[in-house]
Amino acid sequence: MPQQHGPTTSLPDKRNSCLLSKESFCSISQGRTTPPQMAALQVIEGLMPLHIKATMQSTLERVGRLGRNCDYDGIHFDHESYEQPSRPSTIHPALFSLEDRISHVGQVPSNRTPIEVYTDGSKINDQTDSAFCAIANETITKTWKAKLSPANTVFQAEMLALKAAIEWANTANEDVNIWSDSESSLQALKSLNIKSKITQEAQMTLLENARIRLGWVKAHIGIKGNEIADTLAKEATTDGIPASFPLPKSFLMKQLLQVSLSRWQAEWDNGETGRSVYSIIPKIYNKQLHWSRECIQFATGHGPFPSYLKRFGLHSTDY
């Protein structure tokens, strides 16, 4: 971990970095905090022990950024199961001509193309699905539905639907408008600096076919094609084509956090120190409990108490 330089930070800054020192804990308890009490104070302050936090972050970097498999606390994390950052696009900015072909008007224009395609991604009750439909001469000519993992995000579902629609439109040999109610997905397609592999692949197809245009429409305002795509996405829960799509980095972070909290709980359950605090807080929390300084002193026994002061020769008796 890189070494910190500069002036000493305030306590809130140190909480954010999870690098509280012994002196910092002393400022909380106003006592001579000995290492055995560190575990108790970490539980009270909701601060994951540094060795667990470091292992969690190391695993996240190895699996999520470096593309390496890793074992953490007996659980194997395969990097191929998770979305990996792609290399920056090699397209020259002067050739990246998508800005004028992706609009945000918010309504279907009157000058429509022979084929209108509507896409949608849905995530309801832990079900993530994608769909699109193509309409020509007021008739539905093509439908597509896919079922993703519950761990996939709605953004991934929206982008998968757009990519599938773009690839289908590329074979139509006609002018095609593709409509989506996902502004974030359309913004990603307009960005040259995006590092999502599926987005980059969709961009390359768009750049090869100038007859495909994209636009944003507001959801649930009665646009026929958009409502059909929404219905298809919900139907995909039961009859959609299974789509193998990498899990997002946010899901990897959630998994690692759960494993880390379980490891911290096991250490707290089996620890030999801080038992007086354990009798009050047997379950750890990944958040500050907001105890007063006096409560912390009383629970840990580290404060202006004769029995505690005597240990340091500051009081003659322990009563």
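I call a residue buried under 20% relative accessible area, exposed over 50%, and partly exposed in between, using a 1.4 Å probe and protein chains only. The model is predicted, so local features need pLDDT of at least 70 and side-chain atom pairs count only at pLDDT 80 or more, while totals for chains, interfaces and linings use all residues. I number residues from 1 along each chain as its sequence is written, and side-chain values use heavy atoms, with hydrogens and water left out.

**Cysteines**

I looked up C133 first. C133 is buried, because its relative accessible area is 0%. I found C133 in strand β5, residues 127–136. Helices (H or I, at least four residues) and strands (E, at least two) are DSSP runs, numbered from the N terminus.

Which residues touch C133? I took contact as heavy atoms within 4.5 Å. Beyond neighbours within four places in sequence, the contacts of C133 include Y118, K142, G225 and L232. I also checked A165: its C-alpha lies 8.2 Å from that of C133, and the two are 32 residues apart in sequence.

C70 is buried too, because its relative accessibility is 9%. I then looked for disulfides (a pair of cysteine sulfur atoms within 2.5 Å). The count is 0.

**Helix α3**

I turned to α3, residues 38–45, where 7 of 8 residues are buried. Among them are M38, L41 and E45. Just after α3, G46 has a positive phi of about 70°.

**Helix α7**

I noted buried residues in α7, including I198, A202 and L206. Part of their cover comes from α5 (154–169), α6 (183–190) and β8 (212–217).
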